[in-house]
Amino acid sequence: MIHFKDELKNIKNYVPGKPIEEVKRELGLKGKIIKLASNENPLGISPKAKRVIESSINELHLYPDDTNYYLKKKISEKTGVEEEHIIIGNGSVELINNIVFSFTKRHDNLLRCDPSFILFSISGLMNGCNVINIPTKNFTFDVEEMIRKSEETDAKIIYFDNPNNPMGTMIDEDRVEYFLKKIQNDRIVILDEAYNDYMDIKMRINSARLLRKHKNLAVLRTFSKIYGLAGLRIGYGMANDEIMEVLNKVRLPFNVNLLAQRAALAAIDDAKYLKESKELNDRGIMFLTESLEKMNYTVVKSHTNFITFDTKTDAMEVFKKLEKKGIIVRPIANYGLKSFLRVTTGTDSENRKFIKALREV
Ligand SMILES: Cc1ncc(COP(=O)(O)O)c(C=O)c1O
């Protein structure tokens, strides 16, 4: 038998939202399938990014720019974080994984908000660490308990996503800062801001300011959500010298492909597309929240591009019935929430179809 690492024995594979093709195949469905399962941008790719991709086709025999020079420069302009404090990843999942790989040894304790994006947990287990789950309080990151547990367990890395996936909730800048001040500065704090651009602009956290003050902070962002590039796999991280130096050591050469780099550079500047995406999402969140509340579901207030609600029954059954009607949403039983469903905002008509189908099932 081929030997593999003991750490991998108990790892459950990451379960992504069901792809459209798989649902069509399994259920023999013919018509249009609506996928509201992976928090993607329903408008499709940004027109600017599309043009850049098309015009780059003839250069795909070349390696991409390993330094990601232009994209880092652009992100620096937009965020106020220096270029040398930015790293580009093959999706932000790569960066989560590299941080855990680089800053832990076997049996270290890691803390994560529970529920939160599951990949941190998988990375921790892959690296032989103990991942300690700190339950949310009123569906929100429990700051005090996290501070207490980080001392008690001597945690090496603390992970939380703000806004939180799968709950959609957030804590404000004062709370994040309070938390960072209380955490010893030799513990790494990962603040995952995948849904940052869906937040009300006044509520967004000034991460550049926090990074200047906290050398142990790593902020992660992605181009998979509002920037509409989930299929190209690109995200970025921001942190100070000490963390950055190490992350650059473990980054594989050419980790970010040429199309992803150029498309991200175009999408970040596609103001029209970003505005439309945000407006569509705001409408979707309002419509879905109101409709679900009218149907007497408990809806968690969302600051993202998805809504999580309590079906008060076995959510897997509801999921399967919706699937038969050609609508894919996300059951989140793997986060311990068996009666909850998570639904990404779609186009206006997709949102209406989802509500209609839910009424029927
Ligand atoms: C909180 C959070 N972080 C990271 C990711 C993954 O992002 P990427 O596509 O950049 O790997 C997701 C994806 O759903 C997410 O919800």
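I started with β6 (residues 188–192) and β7 (residues 217–222): the two strands run parallel and four bridges join them. This is a predicted model, so I'm reading computed geometry throughout. I then looked up which residue in β7 stands opposite Asp-192.

I got seven strands in the order β2-β8-β7-β6-β5-β3-β4. The sheet is open, and its pairing is mixed. I checked the ends too: β2 (86–89) and β4 (130–135) are the edge strands, each pairing on one side only. From one strand to the next, I noted an average twist of 20°.

Which helix lies across β2 and β8? I found α3 (residues 69–79) there, with β8 spanning 235–239. The angle between α3 and β2 came to about 125°.

Then I zoomed out. My tally for the chain is 13 helices and 13 strands. I put the radius of gyration, 20 Å, next to the 21 Å that the globule rule gives for 361 residues; the two are close, so the chain is as compact as a globular protein of that length. For the box around the C-alpha atoms, along the principal axes, I wrote down roughly 55 × 55 × 55 Å.

Two last look-ups. I have 43% of the 361 residues down as buried. Of the contacts with a separation of 6 or more, 74% come from residues 24 or more positions apart.

Notes: Residues numbered from 1 in each chain as written. Predicted model: local features only at pLDDT ≥ 70, side-chain atom pairs only at ≥ 80, totals over all residues. Rg over C-alpha atoms; globule rule 2.2 N^0.38 Å. Buried ≥ 20, exposed ≤ 12 C-beta atoms within 10 Å, placed from the backbone. Contact = placed C-beta atoms within 7 Å. Pairing = 2+ DSSP bridges. Axes fitted to C-alpha atoms, helices over the stretch in contact; angles between N-to-C directions.
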